[in-house]
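Me: I would like to go through some of the labels attached to this model and see what each one rests on. Please set the value against the cut-off each time.

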Amino acid sequence: MDAMTEPIRFPTKIAVLLRNDLVGWQELNVTAFLVSGIAHAQPELLGEEYRDADGTAYLPMFGQPVLVFAGDRATLANAHSRALARGLRLAVFTSELFATGNDRDNRAAVQAVGREKLDLVGLALHAGRTVVDKVLKGATMHQ
């Protein structure tokens with residue numbers, strides 16, 4: 001393979017873990033919200049602005065893939081605990097957020113519940129590849 005066709009290996013992973021009992025619109029909604037947290041916390045992960053052949057500018061996106069995983073409630077709880085034990089920053093989405101309509105109410109819904117009792121439906125993180133693999137142990141690639 002030449003340099004143009006050789007796959008790029010990133011030293012880090014951006015990963016989203018979704019609970020495996022969500023319906024389609026929920027999976028998409030949760031994923032979108034969670035990755036916005038990663039983009040905010042680590043803007044250096046964003047690539048350059050896109051331009052088409054006519055010169056129209058488009059917003060930049062992550063410069064590396066976002067991997068999406070699935071797991072049951074226990075898998076999410078375990079991943080949450082492992083990530084916090086490693087001092088990682090996470091984006092979280094709880095089931096209560098499906099009933100709120102704005103950021104203020106979202107934050108209040110999360111703040112009302114202790115860390116061990118959060119009804120997690122998704123989380124997102126960015127860390128070294130092996131760290132992410134350890135945190136997400138038991139999760140499978142989303143189908």
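Reply: Exposed means over 50% relative accessible area, buried means under 20%, and partly exposed covers what lies in between; the model to which these terms are applied here is a predicted one.

Me: What makes Arg51 count as exposed or buried?

Reply: Arg51 has a relative accessibility of 55%, and the cut-off for exposed is over 50%, so Arg51 counts as exposed.

Me: Which parts does the salt bridge between Asp119 and Arg19 tie together?

Reply: The two side chains meet at 2.8 Å, N to O. Because Asp119 lies in the loop between helix H3 and E6 while Arg19 belongs to strand E1, the pair ties together parts that are 100 residues apart in sequence. Arg19 has 7% relative accessibility and therefore counts as buried, the cut-off being under 20%.

Me: How do you know on which side of H2 the buried residues are found?

Reply: Thr75, Leu76, Ala79, His80 and Ala83 are the buried residues in H2, and they cover an arc of only 135° around the axis, which puts them on the same side of the helix. Among the elements they pack against are strand E1, strand E4 and helix H4.

Conventions
Residues numbered from 1 in each chain as written. Predicted model: local features only at pLDDT ≥ 70, side-chain atom pairs only at ≥ 80, totals over all residues. Heavy atoms only, no water. Buried < 20%, exposed > 50% of the residue type's maximum accessible area, 1.4 Å probe, protein only. Helix = DSSP H or I, 4+ residues; strand = E, 2+ residues; numbered from the N terminus. Arc of directions from axis to C-beta. Contact = heavy atoms within 4.5 Å. Salt bridge = Lys/Arg side-chain N within 4 Å of Asp/Glu carboxyl O.
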